[in-house]
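Reader: I'd like to learn how to read a protein model feature by feature. Could you walk me through this one?

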Amino acid sequence: PKTPKPLELFSRNNKIMGNCQFKTDNVSDHKAVIVGKSQFVFSYCIGKGGFGKVWKVTMKKNNRIYAMKEMAKARILSKRSVDSVINERAILTELKHQFIVNMYFAFQDKDNLYVCMDYLLEGTFDINQQAKEIHRGADQVLRCLPALGFDYFHKKNIIHRDIKPENIVLDEKGYLRVTDFGIARYFKNENAKETSGTPSYMAPEVLCKQNHTFAVVYYALGVIAYECMMGKRPYMGKTRQEIRD
């Protein structure tokens with residue numbers, strides 16, 4: 001099929017990514033709202049990613065603070081990541097939970113895609129700091145994530161596939177939340193070819209290109225807990241092959 005121009009990206013299906021309609025913050029209020037860039041005050045850049053920047057923004061209507069991902073369409077196309085961006089947007093639309101980083105709005109203009117999410121001031125889970133507080137670090141990981149966060153999206157038939165410290169963030173209460181669903185997938189029985197992820201946290205069945213289940217997420221959780229307690233990962237290597245061996 002013909003490669004779409006940046007202006008046409010996601011315009012093919014407004015349900016996937018367009019001037020997307022989302023529920024308001026009150027979960028009991030099902031009125032759809034249309035949002036755009038002009039409805040937010042941009043404070044400053046809080047991070048940079050492969051497709052663009054992440055901004056701290058305030059919505060003018062309710063004075064609520066969000067983190068807004070601004071992604072350049074041209075860059076998404078050049079990195080052949082259209083499917084990944086569409087996939088993350090579709091999955092996050094189905095999720096709303098206190099132990100994940102939730103999405104509230106998604107919209108676009110001529111050059112960029114925008115995704116508005118929870119703003120978490122505390123930042124990512126610092127594995128080195130937690131290793132110094134062994135019991136607190138491992139306890140946080142094992143209490144917050146599996147029974148609540150993981151169980152929630154597993155019941156929706158979603159495998160995250162990239163659980164690692166960089167994809168776990170702390171909220172203002174000190175609880176852990178899961179983020180980055182870019183390579184998450186809906187579970188299917190034949191998934192041996194789906195081997196994306198971070199090798200150091202991959203389960204053996206993924207590294208060996210075998211069919212796998214939700215168990216691979218708990219394997220990654222075990223690696224993180226081990227890292228909290230021992231100060232290093234259980235399997236070291238510079239390449240995927242070395243780690244697999």
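Author: Happy to; we will go from the whole chain to a sheet, a helix, some rings and a loop. This is a predicted model: local features need pLDDT of at least 70 and side-chain atom pairs count only at pLDDT 80 or more, whereas totals for chains, interfaces and linings use all residues. Residues are numbered from 1 along each chain as its sequence is written, and side-chain values use heavy atoms, with hydrogens and water left out.

Reader: How many helices and strands are in the chain?

Author: Helices (H or I, at least four residues) and strands (E, at least two) are DSSP runs, numbered from the N terminus. Here the chain has seven helices and eleven strands.

Reader: What share of the residues is buried?

Author: Buried means under 20% relative accessible area, exposed over 50%, and partly exposed in between, with a 1.4 Å probe and protein chains only. Of the 245 residues in the chain, 45% are buried.

Reader: In what order do the strands of the open sheet come?

Author: Two strands pair if DSSP finds at least two bridges between them. Five strands make an open sheet, with antiparallel pairing, in the order β3-β4-β5-β7-β6. At the edges are β3 (40–48) and β6 (103–108), each pairing on one side only.

Reader: What does β4 pair with, and which residues stand opposite each other?

Author: Seven bridges join β4 (residues 52–59) to β3, antiparallel, and a hairpin links these two strands through three residues. Across them, F40 has M59 as its bridge partner, and Y44 stands opposite K56. β4 also pairs with β5 in the antiparallel sense over seven bridges, where W55 faces M68. In the hairpin of β4 and β5, with five residues between the strands, N63 has a positive phi near 60 degrees.

Reader: Why is β4 described as largely enclosed?

Author: Six of its eight residues are buried, so the rest of the structure largely encloses β4.

Reader: How do I read the length of α6?

Author: The expected span of a helix is 1.5 Å times one less than its number of residues. With 16 residues, α6 reaches 22 Å from its first C-alpha to its last, close to the 22 Å expected. Its buried residues include V216, L221, I224 and C228. After α6 comes G231, whose phi is positive, near 80 degrees.

Reader: Now the rings. How many aromatic pairs are there?

Author: Rings of Phe, Tyr and Trp (its six-membered ring) pair if their centres lie within 6.5 Å; planes under 30 degrees apart count as stacked, over 60 as edge-to-face and the rest as tilted. The whole structure holds twelve aromatic pairs. One of them, F187 with F214, is tilted, at 5.4 Å centre to centre and 35 degrees between the planes. F187 lies in the loop between β11 (185–186) and α5 (204–207) and F214 in the loop between α5 and α6 (215–230), so the pair ties together parts 27 residues apart in sequence. Elsewhere, F40, Y66, Y104, F105, F107 and Y114 form one aromatic cluster.

Reader: Which charged residues sit over rings?

Author: A charge sits over a ring if NZ of Lys or CZ of Arg is within 6 Å of the ring centre and within 35 degrees of the ring normal. The charged end of K37 sits over F42, 5.5 Å from the ring centre, and that of R64 over Y104, 4.7 Å from the centre.
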